[in-house]
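Please look through the sequence and the model shown below before reading on.

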Amino acid sequence: MASNKIANGLKRSALTVALGAVLIMPPLLRLTGRLFGRSAPARLAAENALRYPERASRMAIGVVMGVTLVVMFAVANESVKAVMTASAGGEPPAEMMRVMDTFAAIMMGLVAVSAVIAGVGLVNLLTIGIVQRRRELGLLRALGLTSAQVRRVVLLEAVHVTITALLFGLVLGVVYGWVAAQSLLASVSMPPAWSSPTLVAPAIPWLPVLVVVVATALLTAVATVVPTRLATRVTAVEALAE
């Protein structure tokens with residue numbers, strides 16, 4: 001009964017984040033936009049993300065959900081092991097630890113498929129955004145921006161969105177994983193003393209987190225290949241003549 005309530009609560013919370021992405025993501029994008037400096041490409045990239053909040057939120061929410069799920073399973077697994085270790089007096093059963101690690105690895109592998117889908121969506125949305133802004137890009141070229149600067153605007157826009165989504169997803173994943181692990185074991189008596197589990201801090205497995213960060217960086221690099229090529233092919237005369 002308790003586990004069902006926890007699962008339903010996490011589902012409702014995740015659904016609220018997904019449906020409220022248009023309201024949640026713009027303030028976060030505004031905060032991370034300050035990290036990119038005050039150069040013209042950086043300011044243009046930050047303003048583009050805020051100028052089209054629905055498109056930026058759709059790009060970000062897929063990455064947020066993928067990162068959250070992977071980190072949630074990893075943190076839940078480590079937190080459960082930490083609770084069991086604390087309750088068992090520092091000697092958790094090795095066989096159970098191996099079973100838990102195997103289960104967590106399988107679940108994270110399955111969830112990683114959603115990250116691939118999020119990457120496809122990110123590429124599509126970035127490409128559509130470039131096609132819709134041909135005249136704007138042509139005007140920027142007419143005002144003196146070079147191809148390298150236009151490419152940097154598109155790249156920074158994607159980096160801006162993915163960094164925001166990554167940080168938000170990491171926070172959600174750690175919180176969800178710890179709450180799920182601690183709540184599920186809160187009423188279970190553990191050997192050898194058969195006492196209630198001890199409240200422990202979130203146990204963060206740094207290797208899976210590092211893998212998530214690297215995978216997100218690769219996703220951003222791959223997702224910007226086609227949009228940056230399209231953006232640099234736009235000439236001022238051609239775009240303004242449309």
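**Overview**

This is a predicted model, in which local features need pLDDT of at least 70 and side-chain atom pairs count only at pLDDT 80 or more, while totals for chains, interfaces and linings use all residues. Residues are numbered from 1 along each chain as its sequence is written, and side-chain values use heavy atoms, with hydrogens and water left out.

The protein has ten helices and zero strands, where helices (H or I, at least four residues) and strands (E, at least two) are DSSP runs numbered from the N terminus. Read from the N terminus on, the elements run α-α-α-α-α-α-α-α-α-α. Of the 242 residues in the protein, 43% are buried; buried means under 20% relative accessible area, exposed means over 50%, and partly exposed lies in between (1.4 Å probe, protein chains only). Among the contacts in the protein with a separation of 6 or more, 85% are between residues 24 or more positions apart, and contact means heavy atoms within 4.5 Å.

**Helices that pack together**

| Helix pair | Angle | Distance between axes |
|---|---|---|
| H2 (residues 21–33) and H3 (residues 40–51) | about 175 degrees | 10 Å |
| H7 and H8 | about 160 degrees | 10 Å |
| H7 and H9 (residues 225–233) | about 145 degrees | 9 Å |

Angles under 35 degrees count as roughly parallel, over 145 as roughly antiparallel, 65 to 115 as roughly perpendicular and the rest as oblique. H2 and H3 pack at an angle of about 175 degrees, and they are therefore roughly antiparallel to each other. In this contact, Pro26, Leu29, Arg30 and Gly33 of H2 meet Ala46, Ala49 and Leu50 of H3. Sorted by class, the contact of H2 with H3 has five nonpolar, one polar and one charged residues; here Ala, Val, Leu, Ile, Met, Phe, Trp, Tyr, Cys and Pro count as nonpolar, Asp, Glu, Lys and Arg as charged, and the others, Gly among them, as polar.

For H7 and H8 the angle is about 160 degrees, which makes H7 roughly antiparallel to H8. Their crossing is right-handed; a crossing is left-handed if the near helix is turned anticlockwise from the far one by less than a right angle, and right-handed if clockwise. H7 contributes Ala158, Val159, Thr162, Leu166 and Leu170 to the contact, and H8 contributes Val209, Val212, Val213, Thr216 and Thr220. The residues of this contact of H7 with H8 divide into seven nonpolar, three polar and no charged.

The crossing of H7 and H9 is right-handed. Ser147, Val150, Arg151, Val154 and Leu155 in H7 meet Pro227, Thr228, Ala231 and Thr232 in H9, and by class the contact of H7 with H9 has five nonpolar, three polar and one charged residues.

**Nonpolar cores**

A nonpolar core is a set of buried Ala, Val, Leu, Ile, Met, Phe, Trp, Tyr and Cys residues joined through side-chain atoms within 4.5 Å. The largest such core has 35 residues, and those with the most contacts inside it are Val67 and Val71. The elements that give two or more residues to this core are H2, H4 (53–87), H5 (94–132), H7 (147–184) and H8 (206–223), and H4 gives the most, with twelve residues. Leaving aside neighbours within four places in sequence, Val71 is in contact with Leu170, Gly173, Val174 and Val212. Apart from this core lies another, of seven residues, among them Ile130, Leu137, Leu140 and Val154.

**Single residues**

Glu157 lies in helix H7 and is buried, with a relative accessible area of 2%. Leaving aside neighbours within four places in sequence, Glu157 is in contact with Ala45, Asn48, Ala49, Arg55 and Arg133.

Leu155, also placed in helix H7, is partly exposed, with a relative accessible area of 35%. Not counting residues up to four places away in sequence, Leu155 touches Thr224 and Thr228. The C-alpha atoms of Leu155 and Pro41 are separated by 9.5 Å, and these residues are 114 residues apart along the chain.

Val116 lies in helix H5 and is exposed, with a relative accessible area of 57%. Val116 and Leu219 are 103 residues apart in sequence and 8.4 Å apart in space, C-alpha to C-alpha.

How values were computed: Axes fitted to C-alpha atoms, helices over the stretch in contact; angles between N-to-C directions.
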